[in-house]
Amino acid sequence: MVQGQDGVRLIYPSTTGGEFWFINIGNLHNDPRFIPSHVLDGDEEIGFKAFGQFVSMWAKTSTGFTSGIVPSNIDHGQLA
C-alpha cells in the first residue's frame, strides 16, 4: 500500500498523473476546496465536531463542481 502525505496508508492510491487533494487539518477553514455543511468546532489535536441534524462535507475538484449537472437517476454501475 502507498502512504499519503500524512502517513496514512491509501487503500486506493491516485492514478499516475491524476488529481490528488490533501486536506490541511491545521488550516481547515481556509481550504477553498473543502465545504462543510455546518460550522466545525475543534482542532487538529482533539478532532472536529459538526453540529446539526444533517451534516455533510464536500471536497471540490480543482475545476469546480456544478450541482445538478449529473442526473439524480443515473445508473452509477453503468458509468463504472
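Helices (H or I, at least four residues) and strands (E, at least two) are DSSP runs, numbered from the N terminus. With that in hand, you can follow the protein chain from its N terminus, where the elements run β-β-β-β-β-β-α.

What you are looking at is a predicted model, in which local features need pLDDT of at least 70, side-chain atom pairs count only at pLDDT 80 or more, and totals for chains, interfaces and linings use all residues. Residues are numbered from 1 along each chain as its sequence is written, and side-chain values use heavy atoms, with hydrogens and water left out.

How confident is the predictor? Its confidence in each residue is the pLDDT, from 0 to 100. The protein chain averages 77, and 90% of the residues score at least 70. Confidence is highest in strand 3 (residues 34-36), with a mean of 82, and lowest in helix 1 (residues 76-79), with a mean of 73.

Now step back and look at the overall form. Along the principal axes, the C-alpha atoms fill a box of roughly 40 × 35 × 20 Å. The radius of gyration is 16 Å, whereas a compact globule of 80 residues would have one near 12 Å. This radius is taken over C-alpha atoms, and the globule rule is 2.2 Å times the number of residues to the power 0.38.

Finally, consider what is covered. Of the 80 residues, 8% count as buried, meaning under 20% relative accessible area (1.4 Å probe, protein chains only). Among contacts (heavy atoms within 4.5 Å) between residues at least 6 apart in sequence, 16% join residues at least 24 apart.

How values were computed:
Buried means under 20% relative accessible area, exposed over 50%, partly exposed in between (1.4 Å probe, protein chains only). pLDDT is the predictor's confidence in each residue, from 0 to 100.
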